[in-house]
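Look at the model below.

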Amino acid sequence: MNLLLRMGVRLGVRRPWRLAAEASALLIAVVVAFPLYWMVLSAFKPAGEIESTEPRPWTLSPSLDSFRRVFEQQDFGRYFVNSLVVACSVVIVSALIAFLAATAVTRFRFRFRTTLLIMFLVAQMVPVEALTIPLFFQMRDFGLLNTLGSLVLPHIAFSLPFAIWMLRGFVKAVPEALEEAAYIDGASRARFLWQILFPLVFPGLVATSVFSFISAWNDFLFAKSFIISDTSQSTLPMALLVFYKPDEPDWGGVMAASTVMTIPVLVFFVLVQRRLVSGLGGAVKD
Amino acid sequence: MNPRTKPAWTPWLYLAPALVVLGGLLLYPIYQLGLISFFQYTQAQVSGGEPTTFEGFGNYTELFGDPQFWQVLLATVVFAAACVVSTLAVGCALAVLLTRVRAVPRLALMLAALGAWATPAVTGSTVWLLLFDPDFGPVNRMLGLGDYSWTYGRLSAFFLVLLEVVWCSFPFVMVTVYAGIQAVPAEVLEAASLDGASQWRIWRSVLAPMLRPILVVVTIQSVIWDFKVFTQIYVMTNGGGIAGQNLVLNVYAYQKAFASSQYSLGSAIGIVMLLILLAVTLVYLRLLRRQGEEL
């Protein structure tokens with residue numbers, strides 16, 4: 001009886017609801033993905049079809065004209081490399097610094113530990129955009145204006161607090177006993193840090209680096225403010241907007257450039273997806 | 001040296017690089033920002049043509065006396081609030097939906113959301129502009145709006161930016177809340193539904209209280225992100241809209257500082273933003289404390 005009831009619940013009552021839920025989930029997925037689909041589609045459409053008053057959600061004659069224009073008119077390859085250099089330097093340097101700092105605040109008890117943690121939390125809230133003005137003068141004094149260094153340095157600083165905060169959970173998860181065993185076996189502190197702890201925390205570092213990668217890769221305000229005259233040091237967001245003139249935008253060029261700019265982040269995201277979800281869970285719970 | 005006896009300075013050695021970077025590139029600029037906001041600082045002072053003069057609260061009096069500042073502040077608060085509420089509503093609803101469906105629809109929705117999340121703000125802004133373009137965009141065709149221009153009116157332009165902001169920020173909320181729901185024991189939810197609780201009731205009386213810490217984090221995070229939206233407004237409304245009708249504080253500060261070289265006024269706006277977000281942070285810390293979280 002009980003079993004029958006449960007089966008009835010499962011088959012008769014729940015099914016239409018679940019099907020409705022699944023249908024709406026698929027529908028929402030389509031709506032959410034639609035802008036990205038339209039971006040890629042418009043990048044491949046021939047010029048006449050984009051600027052048509054009857055936009056169609058497909059194209060019968062895909063062309064690479066827009067991509068060609070992007071890479072020939074603008075030194076887009078170079079900007080791509082510039083963006084990559086900035087994002088990768090930020091990711092590597094901030095991951096190493098954050099790893100050391102996270103180890104310090106989770107593996108040691110010392111005075112001002114809690115104060116420091118609160119400071120890291122507060123630092124995440126600082127509206128970095130507001131600091132553009134003093135940073136502009138600071139970069140000028142360092143002689144870094146118009147160089148990629150003026151983008152790398154601030155982004156390292158701004159991605160650190162969140163990275164430390166998120167890594168804490170991962171470092172904490174490594175059992176204390178392991179540390180003691182390593183020392184009993186005669187490992188030095190440095191050896192434990194780099195040869196035991198570092199590899200164990202590495203998945204966490206990857207998840208954390210998504211955030212620093214994105215903030216550096218997407219950066220628009222600093223690039224716009226610090227790279228003022230030397231266009232060879234431009235990054236992708238600035239180069240993309242060259243095609244976007246508010247009065248008569250070259251939509252094909254903008255969409256091709258957008259596609260080129262979005263794909264690396266997309267690949268990165270899909271690769272680290274699982275670790276990201278567990279990492280977020282960990283960062284939020286601890 | 002026996003590594004098991006931890007000397008007192010070791011943690012500080014590990015912290016040193018982080019503290020140097022944060023001190024030099026975060027703390028010092030904040031100090032400078034405050035300093036500039038008390039001086040007369042325009043193009044003439046930057047190029048060294050005129051000496052910098054101390055203004056006291058002069059810049060702030062000028063700012064607070066400007067009706068445009070209050071208008072922009074109000075617009076920023078209302079816009080950020082609308083973004084936060086919409087993002088949280090969409091994110092939480094979809095997180096619950098994810099727990100109701102089988103693997104294939106779940107994967108589809110997850111992947112679509114990751115795509116939206118990964119899209120850089122600049123490209124997201126341009127794509128949404130194309131979607132809503134009065135001449136070539138598919139949305140106006142589908143809705144039969146003719147050549148209605150979304151960026152012309154103040155409210156419709158803000159609405160368009162809001163759609164883009166929600167699109168690219170709901171995935172963070174969805175993924176985080178979904179991860180949180182997964183951690184809730186299945187028996188609890190089953191018991192609630194066997195007792196005849198409706199979906200809404202389960203969310204309100206069972207899930208929401210259990211997910212409170214996570215909800216606090218995503219809410220605060222969203223407040224902070226949406227309060228300082230820059231790229232979307234700058235790109236989609238072309239630097240703040242017609243006659244500055246779509247300015248928010250961040251863009252306003254940028255325009256004051258870099259477009260009209262009034263660096264000290266821009267800095268004063270920055271300080272106002274900093275203080276508002278600091279207040280939000282204090283509320284957050286109090287909430288964390290009340291939950292008895294150990295840092």
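Which residues does Ala98(A) touch, not counting residues up to four places away in sequence? Ala98(A) touches Leu160(A), Ala163(A), Ile164(A), Leu167(A), Thr208(A) and Ala18(B). Touching, or contact, requires C-beta atoms, placed from the backbone, within 7 Å.

This is a predicted model, where local features need pLDDT of at least 70, side-chain atom pairs count only at pLDDT 80 or more, and totals for chains, interfaces and linings use all residues. Residues are numbered from 1 along each chain as its sequence is written, while chains are lettered from A and ligands numbered from 1 in the order in which they are written.

Ala98(A) and Leu167(A) touch the most other members of the largest nonpolar core, which has 174 residues. Such a core is a set of buried Ala, Val, Leu, Ile, Met, Phe, Trp, Tyr and Cys residues joined through C-beta atoms within 7 Å. Buried means 20 or more other C-beta atoms within 10 Å of the residue's own; exposed means 12 or fewer; partly exposed is in between, with C-beta atoms placed from the backbone. Helix H8 (residues 154-182) of chain B gives the most to this core, with 16 residues. Domain 1 (2-50) and domain 2 (75-285) of chain A both give residues to the core, so it lies between them. The domain bounds come from an automatic or database domain assignment.

Now take chain A as a whole. It has 12 helices and zero strands. Both kinds of element are DSSP runs, numbered from the N terminus: helices are H or I, at least four residues, and strands are E, at least two. The radius of gyration of chain A is 25 Å, well over the 19 Å that the globule rule gives for 286 residues, so the chain is more spread out than a compact globule. That radius is taken over C-alpha atoms, and the rule is 2.2 Å times the number of residues to the power 0.38. Of the 286 residues of chain A, 45% count as buried.

Next come the loops. Phe112(A) sits between helix H4 (76-107) and helix H5 (113-125) of chain A. Its phi is positive, about 70°, although it is not a glycine. Most residues other than glycine have a negative phi. Phe112(A) counts as exposed, with 11 C-beta neighbours inside 10 Å.

Asp135(B) lies in the loop between helix H6 (121-131) and helix H7 (138-143) of chain B. Asp135(B) touches Thr53(A) and Asp147(B), not counting residues up to four places away in sequence.

Methods:
Two residues are in contact if their C-beta atoms, placed from the backbone, lie within 7 Å.
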